[in-house]
Amino acid sequence: MAENKKLRTPIVCVMGHVDHGKTSLLDKIRGTAVVAGEAGAITQHIGATEVPIDIIVNKCGQPQLINKFIVPGLLFIDTPGHHAFTSLRSRGGALADLAIVIVDINEGFMPQTIESLQILKRFKTPFVVAANKIDRIPGWRTNPEKPFAESFKNQSENVQQLIDTRIYELVGELYKLGFNSERYDRVTDFQKNVGIVPISAATGEGVADILMILLGLAQKFLESNLRFDANNPGTGTVLEIKEEKGLGTTIDVILYDGTLKKGDTIVVGSLGNPIITKVRALLKPRPLTEIQTEEKFKSVNEVTAAIGVKIAAPSLEKALAGTAVRVAGSDNADEIAKEIKTELEQVTLPTGSTGVAIKADTIGSLEALVNELTKEEIPIRKAGVGDISHRDIVEVAAIEDPYYSVIIGFNVSMLPDAREKIQSSEIKVFMGNIIYRLIDDYKDWVKKQKEQSE
Ligand code: GDP
């Protein structure tokens with residue numbers, strides 16, 4: 001394979017209903033990487049786990065496939081859930097390129113399963129469904145070393161029938177949401193059908209099959225998304241802000257384009273003005289085999305996309321998870337800061353020329369609020385991340401429609417100058433930390449206003 005055809009590592013998110021096995025699956029995948037003892041394998045200290053391609057093909061017992069793949073492996077975001085999927089942004093949209101939707105095969109679809117699938121549909125993200133807890137099917141004979149399709153043949157007729165019944169229930173649910181799907185070993189064209197892989201996050205059965213399918217999806221559907229240029233300035237997303245002993249406040253970042261070096265000036269998203277600072281240290285977690293000592297991390301001079309890395313730098317206390325990290329040149333840091341601020345303020349959400357104004361603390365919670373308002377058919381004129389500001393009040397005060405002269409704030413507070421301004425205006429502000437209650441309060445208020453004007 002020509003060197004210039006190499007793609008960056010695809011970024012994968014695990015989604016699904018609570019207790020259906022997201023964390024267990026991520027643990028198992030991390031275990032795969034760690035047990036194999038490869039130098040590239042990493043531990044859980046960074047917010048993302050890299051599973052190199054050679055580990056995947058060996059695990060699947062098909063080492064000869066290594067030359068077939070042009071992606072270097074898979075990078076899993078360690079935070080599970082659909083909140084992680086929507087909160088963690090790259091400039092083009094969601095940070096994750098691929099997803100696993102996990103569903104308990106014994107319970108079937110639940111509200112968060114459906115929500116996850118709706119999000120993936122909206123972002124057009126390729127995904128695979130993991131039908132988990134297959135070890136709990138009565139009579140299932142487990143064999144973690146074999147792919148599911150082989151194990152299936154060794155089950156009793158009853159068990160085979162039960163599994164097929166359960167899978168067809170999932171196929172039916174997926175169909176209702178607009179997806180054609182099929183048990184993965186019966187899929188001939190992954191462009192037409194979503195693969196359903198029966199797995200056990202407890203025993204590890206089926207996990208290798210999932211990794212293999214994800215690689216296939218990446219190569220087939222994402223080639224253009226996964227091209228990157230190591231000569232570009234590093235561009236990434238903040239996963240988490242963490243205090244580290246001896247390092248102060250650090251940020252865990254997924255770098256998805258370009259190169260990041262020690263000493264680079266970086267611009268990092270925050271609730272106020274973006275932070276401009278200098279990289280003091282770049283740290284990668286040590287593989288488990290190496291971390292017998294206190295030192296969890298090894299310092300590196302540079303990293304290239306896509307990778308999870310910890311950045312130590314001054315002034316990171318106010319960094320905001322889900323926002324951008326970009327390397328600046330000698331004279332464009334302010335310009336980049338302005339761009340990042342605008343990106344945050346104008347999250348691309350379905351806003352119109354009329355409706356309420358909304359503010360929320362993170363991109364993910366803003367999206368959740370937008371979704372609920374849209375379900376209630378309440379139009380939105382403007383949506384933004386951050387506390388309610390003087391400018392927000394001024395803008396809303398200019399709205400003439402009495403029902404939309406409103407700001408709904410989720411998990412935010414009001415800045416002092418906004419508080420002053422509001423006393424001299426007619427606008428109504430709803431604030432709180434439970435979405436449906438905020439919406440009910442707004443609806444009740446509208447109803448009262450209407451009654452009074454009759
Ligand atoms: P999450 O809330 O989606 O992250 O779910 P967890 O990974 O925390 O799993 C919820 C519970 O189900 C835990 O008690 C797990 O041990 C259990 N569990 C997860 N996967 C499996 C599995 O494949 N088989 C069995 N028997 N239990 C599982």
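How far does a polar side-chain atom of Lys-133 lie from an oxygen atom of the ligand? The distance is 3.0 Å, within the limit for a polar contact (a pair of N or O atoms within 3.5 Å; within protein, one must be able to donate a hydrogen and the other to accept it, and residues adjacent in sequence count only if both atoms are side-chain atoms).

The model is predicted: local features need pLDDT of at least 70, side-chain atom pairs count only at pLDDT 80 or more, and totals for chains, interfaces and linings use all residues. Residues are numbered from 1 along each chain as its sequence is written, and side-chain values use heavy atoms, with hydrogens and water left out.

The chain has a mean pLDDT (the predictor's confidence in each residue, from 0 to 100) of 87. Of its residues, 92% reach 70 or more. Over residues 37–44 the pLDDT is below 50. Beyond near neighbours in sequence, this stretch has 24 contacts (heavy atoms within 4.5 Å) in the model. For the complex, the predictor gives an ipTM of 0.99 and a pTM of 0.80.

Around the ligand are 15 residues, each with a heavy atom within 4 Å of it. Asp-19, Lys-22, Thr-23, Ser-24 and Asp-135 come nearest. A nitrogen atom of the ligand lies 3.3 Å from a polar side-chain atom of Arg-136. Ala-202 places a polar backbone atom 3.1 Å from a ligand oxygen atom.

Helix H10 (residues 390–397) packs with helix H11 (residues 416–423) at about 25°. Their axes are 7 Å apart. Helices (H or I, at least four residues) and strands (E, at least two) are DSSP runs, numbered from the N terminus. Axes are lines fitted to C-alpha atoms, for helices over the stretch in contact, and angles run from 0 to 180 degrees between N-to-C directions. H10 and H11 are therefore roughly parallel (under 35 degrees). From H10, His-390, Ile-393 and Val-394 meet Asp-417, Ala-418, Lys-421 and Ile-422 of H11. These residues divide into 4 nonpolar, 1 polar and 2 charged.

Two backbone features concern loops. The peptide bond from Ala-305 to Ala-306 is cis, with omega near -10°. Ala-306 sits in the loop between strand S17 (302–304) and strand S18 (307–312). Lys-124, not a glycine, has a positive phi of about 55°. Lys-124 lies between helix H4 (111–123) and strand S7 (127–132), in the loop.

How values were computed
Parallel < 35°, antiparallel > 145°, perpendicular 65-115°, else oblique. Nonpolar A, V, L, I, M, F, W, Y, C, P; charged D, E, K, R; others polar.
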